[in-house]
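Hello,

Please find the structure below. My notes on it follow.

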Amino acid sequence: MQEVIVSLSLSAEKYLEYYRGYASGVIAYDTLGRRVQLPASVLRQFVTHKGIQGVFRVRFGAGNKFQSIERVA
C-alpha cells in the first residue's frame, strides 16, 4: 500500500464544481511534488462552509486505486 500526504485548499465555490459534476477528480501535489489525482467524491466528508482546507493522508492500494483518506492537520 502506498501513502501520500497532500495539502488541500479548495473554496466552497470551487468544490461545488466537482459536486455538480463539472469535474470528477481533484489534482493535488504531495509533499515530494508528485501529482496525485483523487475522486472528488471522497472529499465530501471534509467540506465546510469555507470549502476544504487541511493536510490529508491518502492511501492507495494495488494498481494505485484510492483506498482511504484522513485529515492529519
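First, a definition for sorting side chains: Ala, Val, Leu, Ile, Met, Phe, Trp, Tyr, Cys and Pro count as nonpolar, Asp, Glu, Lys and Arg as charged, and the others, Gly among them, as polar. The model is predicted, so local features need pLDDT of at least 70 and side-chain atom pairs count only at pLDDT 80 or more, while totals for chains, interfaces and linings use all residues. Residues are numbered from 1 along each chain as its sequence is written, and side-chain values use heavy atoms, with hydrogens and water left out.

By class, the lining of the largest pocket has four nonpolar, three polar and three charged residues. They are Q2, V4, R34, R35, V36, Q37, F60, N64, K65 and F66. Strand 1 (2-10) and strand 3 (35-39) are the elements that give two or more residues to this lining. Strand 3 gives the largest share, three residues. The volume of the largest pocket is about 170 Å³.

Some terms here. A pocket is found on a 1 Å grid over the protein atoms alone: it is an open set of points where a 1.4 Å probe fits, with protein on both sides within 12 Å along at least five of seven lines. Lining residues have an atom within 4 Å of a point. The volume is the space filled by probe spheres set on the points, which are joined across faces, edges and corners. Strands are DSSP runs (E, at least two residues), numbered from the N terminus.

**The sheet**

Which order do the three strands of the open sheet take? The order is 1-4-5, and the pairing is antiparallel. Two strands pair if DSSP finds at least two bridges between them. Strand 1 and strand 5 (66-71) stand at the edges with a single partner strand each, so one side of each has no neighbour in the sheet. From one strand to the next, the twist averages 30 degrees. That angle is taken between N-to-C directions, on a scale from 0 to 180 degrees, with axes fitted to C-alpha atoms.

Strand 1 and strand 4 (residues 52-60) run antiparallel and are joined by nine bridges. L10 stands opposite I52 in strand 4.

**The salt bridges**

A salt bridge is a side-chain nitrogen of Lys or Arg within 4 Å of a carboxyl oxygen of Asp or Glu. The count comes to six by this rule.

- E3 pairs with R59, with the closest N and O atoms 3.0 Å apart. E3 lies in strand 1 and R59 in strand 4, so the pair ties together parts 56 residues apart in sequence. E3 is partly exposed at 41%, and R59 is partly exposed at 24%.
- E70 and R57 also meet in a salt bridge (3.0 Å, N to O). E70 is in strand 5 and R57 in strand 4, so this pair links parts 13 residues apart in sequence. E70 is partly exposed at 31%, and R57 is partly exposed at 23%. Salt bridges that share partners join E3, R57, R59 and E70 into one network.
- D30 pairs with R34, the closest N and O atoms being 2.6 Å apart. D30 is buried at 6%, whereas R34 is partly exposed at 37%.

Most residues other than glycine have a negative phi. N64 is not a glycine, yet its phi is positive, about 60 degrees. N64 sits in the loop between strand 4 and strand 5. N64 is exposed, at 54% relative accessibility.

Best wishes

Key:
Helix = DSSP H or I, 4+ residues; strand = E, 2+ residues; numbered from the N terminus. Buried < 20%, exposed > 50% of the residue type's maximum accessible area, 1.4 Å probe, protein only.
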